[in-house]
Amino acid sequence: MFELPVLTRPPRLKHSFSRISTFAEQCELRYALDAVMPRTPSSPEQARGTHVHAMAEAVARELCREPPSGLTAALEAGAAVAGPIEGDTKDLYLSRLAVFFAAHLPQRGSIEFWVDALRAPDGRDAQKFLARPWCGKVDLVAVDGEGQLICDFKTVSGPRNMKTASQAQRSLQLGSYCLATGQKRAAFVYLHPYHDLTVVKVKFSDGELNKMFDRLVVYCRTAEKRWETGGWSVAPPDHPLCSSKWCPWWSSCGGTGKGVAELVAGL
Ligand code: SF4
């Protein structure tokens, strides 16, 4: 069980790319708990995901240095932050990253955006609609045969947890990355030691990005309302991420929200 903190004042939260997709696509309550409490992995799967992500970020960072490190040096830098991932598995993850970087030229690694203005292609500015600003971190900007690609590394337990191309095309996370950077192309880069690397790429039209902007504004305004009034909903019972493996709040919440939702009610 995690220690429940006493929260006495409203958190001045910013909207973030990943948080709003948790809110919209997974669980409102998890979004709220993640936002106000320190989050530590509570299962070996979550810990592995954290380390694999750190490994991928470290490799990308090295490759984007001026002058850039070579791939071998970058993979060594990744291995150094791999934490307790055992040797063979670590090597398999690193070989997946090597495959990815053979086809994608890294341009900028791990960029933090503190975005005052998230703009739709038709010129609308999110700050006119929202009470809170936006922030977030893009894992990598790479270049492939078609141009710039905004990338998000994901660790998955298997192919069933990867988004299909049509699901990725509706992803708020990829859409908000493109709205924030002014780019049209983005990708989920799925890393798994025992499956081939999977890169799910999407390309948004202006019309799709305008619609994505509308959806983001609706979800962000709903989240802002919840911070005022409470009433967070929980994940549907069959949601694959609502489990002891993947939700850090499972031991207290158990998928019911009972005894936990009150913590973030009306903050
Ligand atoms: S256990 Fe399920 S319902 Fe509870 S916070 Fe996590 S995802 Fe939401």
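Cys253 has its place in helix α9, and the model in which it is found is a predicted one. With 21 C-beta neighbours inside 10 Å, where 20 or more are needed, Cys253 counts as buried.

**The chain as a whole**

- The chain is built with 9 helices and 6 strands, and its radius of gyration is 19 Å, close to the 18 Å that the globule rule gives for 267 residues, so the chain is as compact as a globular protein of that length.
- Taken along the principal axes, the box filled by the C-alpha atoms of the chain is roughly 50 × 45 × 30 Å.
- Of the 267 residues in the chain, 35% are buried.

- Leaving aside residues up to four places away in sequence, Cys253 touches Leu29 and Val260.
- Although Cys253 and Leu29 are 224 residues apart along the chain, their C-alpha atoms are separated by 9.5 Å.

- In helix α4, which covers residues 71–80, the buried residues are Ala74, Leu75 and Gly78; seen down the axis of α4, its buried residues fall within an arc of 100 degrees, so they line one face of the helix.
- The face of α4 that is turned away from this buried side carries Thr72 and Ala80, which are exposed.
- The cover over the buried residues of α4 includes two other helices, α3 (44–63) and α5 (87–103).
- In the loop between α3 and α4 lies Pro67, which is joined to Glu66 by a cis peptide bond with an omega of about -10 degrees.

- Strand β3 (residues 134–144) and strand β4 run antiparallel and are joined by 5 bridges, and the two strands form a hairpin that has 2 residues between them.
- One of the pairings between these strands sets Asp144 against Gly147, its bridge partner in β4.
- Strand β4 (residues 147–155) has 7 of its 9 residues buried, so it is largely enclosed by the rest of the structure.
- Strand β4 is also joined by 6 bridges to strand β5 (residues 185–191), and here the two strands run parallel, with Thr155 standing opposite Leu191 in β5.
- Strand β5 in turn is joined by 6 bridges to strand β6 (residues 198–203), with the two running antiparallel, and a hairpin through 6 residues connects β5 to β6.
- Within this pairing, Tyr190 stands opposite Thr198 in β6.

**The loop between β2 and β3**

- Asp125 has its place in the loop between β2 (105–115) and β3, and because it has 13 C-beta neighbours inside 10 Å, Asp125 counts as partly exposed.
- Asp122 lies in the loop between β2 and β3, and with 10 C-beta neighbours inside 10 Å, where 12 or fewer make a residue exposed, Asp122 counts as exposed.
- The C-alpha atoms of Asp125 and Phe213 are separated by 9.3 Å, while the two residues are 88 residues apart along the chain.
- For Asp122 and Leu209, which are 87 residues apart along the chain, the separation of the C-alpha atoms is 9.1 Å.

Notes. Residues are numbered from 1 along each chain as its sequence is written. This is a predicted model: local features need pLDDT of at least 70, side-chain atom pairs count only at pLDDT 80 or more; totals for chains, interfaces and linings use all residues. Helices (H or I, at least four residues) and strands (E, at least two) are DSSP runs, numbered from the N terminus. The arc is that of the directions from the helix axis to the C-beta atoms. Two residues are in contact if their C-beta atoms, placed from the backbone, lie within 7 Å. Two strands pair if DSSP finds at least two bridges between them. The radius of gyration is taken over C-alpha atoms; the globule rule is 2.2 Å times the number of residues to the power 0.38.
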